[in-house]
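Okay, thanks for coming, everyone.

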Amino acid sequence: MRRAFLILWAAAGSLFGQALLVRNTTVLTVTKGTITNGDVLVENGRIAAVGKNLSAPSGAQIVDGTGKFLMPGIIDCHSHTAIEGGVNEGTVSDSSMVNIRDVINPTDINIYRGLAGGLTVSNVLHGSANAIGGQTIVIKLRWGKTAEEMLFEGAKPGIKFALGENPKRQGYPSSFFSQGPAERRYPGTRMGVEQVIRDSFIEARNYQADWKEYRDRVARGEHPIPPRKDLRLEPLVEVLEGKRYVHAHCYRSDEILMLLRVADEMGFKIRTLQHVLEGYKVADEIARHGAGASTFSDWWSYKIEAYDATPYNAAIMTRKGVVVSLNSDSDELQRHLNLEAAKTMRYGGLSEDEALAMVTINPAKQLGIDDKVGSIEVGKSGDLVLFDRHPLDNYSKVLKTWIDGHEYFDRDKDLSERTEFARKKKELMDKEKAAAKEVTP
Amino acid sequence: MKRRFGLILAVLLAAALRGEVPSAIAIQGAHVVAVHGPELAHGTVLIRNGLIEAVGENVPVPGDAWVINGAGLTVYPGFIDALGTWGIPAPAPPAPGRAAGAGGTPPATAQPEPRVRGPEDRPQTYAYERAADLVSPSDSRLEAARAAGFTTSATFPNRGIIEGLGALVDLAGERGRDMVVAQPIGEQIIFRVGGGGFGRSFPASLMGNIAYVRQLYLDEANYREARQIYAKNPAGNRRPEYDHALEGLSEAPRILLPAQESQQIDRILRFGRELKVPFVVYGAHEGYRSIDELKQANVPVLVSLKWPEKPKNADPADIPNERDLEMRERAPEVPGLLAKSGIAFGFYSDGIESAPDLKKALKKAVDAGLTRPDAIKALTWNTAEIYGAADRLGSIEKGKIANLTVTRGEAFDDKSTVEYVIIDGKLFEPSKELQKPAPPTGPQGKPAEGEVN
């Protein structure tokens, strides 16, 4: 019985199983304009056709999109969802040996809740407790799959940096976070944060040179002892070699410029500036470096370095030629990033497509996955969201979310399963209660 | 005849209480569950010099053997706790006045915890410590273990992230070294996660723990290679630095990795394979979701007997989540499911230190679908085999160590009692008092803190 179910499940739900045709709907492609009464066909997990009056292959899931809106899956460039056992390894100034990939929890309910908000891709980051944080990873929210199956194939891994107040709190030696007195951790100033980054990259360069020397000596037929493989320096060498992206948490314009200078000096690139609330002050410099900016829509003043901010930040940086995205940094906010995007129309007058780009193609560009996701175009992943109204409308709701053409969220199904779910839960609770009574005399 | 038997038994018990060892003991006419070998309805087990000399239906009893009438008794191979701290006495309580100032407040001069700068400082690493050096018969908890029918334990020092080298120890002996059956049997790894990564020493997060263990094993491989190269070519090479922790890792034939929930099991199977060291998974309470994966991985599992329960003093207004509820309901099914899938597994006490609680916990697994023969096999043969000691422990066979658990009635029956345990051929009669469930109002089977003999 169970086996039969498994086989059925495997047949129906394999990663790229069924074809999908969404019919007669408003298709918000983001990059190629809007098609009214359009169809989108997904086969083998990829968008096979976008147009009108498409025909479905046999066995395809056919969805009538009349009166509804289809957009590409939403991408969050700054997430801490689905991390098990701590978001920070903030005990050391440079914790680049730790890897978010090791602790992805595919059973975190926030993944499912994200799907319910149309989210399909998350850049899962280490926290901001230290100057160089852990290695980061991009996932697809394939609810029900294993951690490794959620990894975004071909997406470059990253590493988290953090500037300013958080890393200079010295490891929080006397806060409610700490358990008993702990020695203070370097650094205690913004100058120190800069120095940590510089020192680590000098070490990484030396490490790179040590390995090169070792390989050269082996090539000459010598028998040298190999250098110790250092998990902290390996990812930094990857940054120097362009194999790993830097996602840097920052607020103030002076420290943003500092980081761009250090990166230029050490010979690597900052891929994205995260939060970057004062980015509007130095947008030209950011654009010149080629860094992306992932910011918040309209919230600030939650700490001193976050005061000199404006909701026009995203629009100003966009007009200066920076690739800008809006991120959640939150399990809650990630469920309605479409509304965050809408705010850039109110503040800064971006167009609908520009607003939608803030949570689709722009974060895709920032993560180097814009050839695979971020818009509705032939050849891209079948990551799609069906809304009942225009996604930039406050009252819009997600009806269905697909990843690789596979349905991972369905609002009607969710609502209809709630009674059964509640019944099962009550049964378990009653059982436990009854067992407890048996034991107690 | 009957009177003679009574007399023998009385002499025997008196001897047992004094810890005397007769030259031979024969348990006659008992139900013998050999585990590896035929089960006997009326069998005799003869032991001599700490070893099993003979087992069978018609074993002649030599004149010098003390005889135990086996009517109503069942003889099993001695139960083995697959992972515990039995035999390592609790640390002595701190001297009064030193740890706490007047009125119980911490002294004003408390030194801040020194900050660990990274893996190079080898935080919380006791890889070189040996359970075999730490065990002592003075551990006051041993009586409770024997009262639950345990004769042997895979004992690991319970501190730090890298715990130290474990040993299979018999739960009785004159001196610590008498207790050791095999060592080292592995390194236990515990992920110590807490503090949200703030304020404490590295590593504080789960990812920090994983990265640390990964770095250690890379260092260990590098260390081995470096020493080999240096031994051949000392001239022109800087000598590799001596590293106590890595020496300990090198010695361990296997490692024990923790995983309770399904995503943790998935993670740890990947991690274990990555480390390229033979490994065992311990915990496994949500294993009912991971049976296929465990089967495919072909990795032994140690199931914790501390079944998840509704937390004591839980806020009645709190609605537990469905997954936790399911785990509390289904965790005891895991052993039965493992057995059905042919996955090697054992049980471990996980901090349960009273005989009735251990019995109750084992019974839960049986009630949830584990057959009795499979339960006994898990407690004996399987665990011995997991630790590579099935050639000397785990079954009632000629030549093996004479570790036996003798119950009146069948094990796992409510009314059954552990009549005797025989450890290295030495007879013990566990107290019946220790086998009674604690009154529900009292503290449940918790030994006095820091009690040391």
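This is a predicted model: local features need pLDDT of at least 70, side-chain atom pairs count only at pLDDT 80 or more; totals for chains, interfaces and linings use all residues.

Residues are numbered from 1 along each chain as its sequence is written, while chains are lettered from A and ligands numbered from 1 in the order in which they are written.

So, how is chain B divided? There's domain 1, 1-78 + 394-432, and domain 2, 79-92 + 114-311 + 319-393; those bounds come from an automatic or database domain assignment. Their C-alpha centres sit 31 Å apart. Where they touch, domain 1 of chain B gives 24 residues and domain 2 of chain B gives 29, with contact meaning that C-beta atoms, placed from the backbone, lie within 7 Å.

On to secondary structure. Chain B has 12 helices and 18 strands, which are DSSP runs numbered from the N terminus: H or I with at least four residues for helices, E with at least two for strands.

Now the sheet I like. It's open, 4 strands in the order β6-β7-β9-β10 of chain B, with mixed pairing; strands pair if DSSP finds at least two bridges between them. At the edges, pairing on one side only, are β6 (79-84) and β10 (180-182) of chain B. β6(B) runs parallel to β7 (150-155) of chain B over 4 bridges, and I80(B) has T152(B) in β7(B) as its bridge partner.

Technical notes
Two residues are in contact if their C-beta atoms, placed from the backbone, lie within 7 Å.
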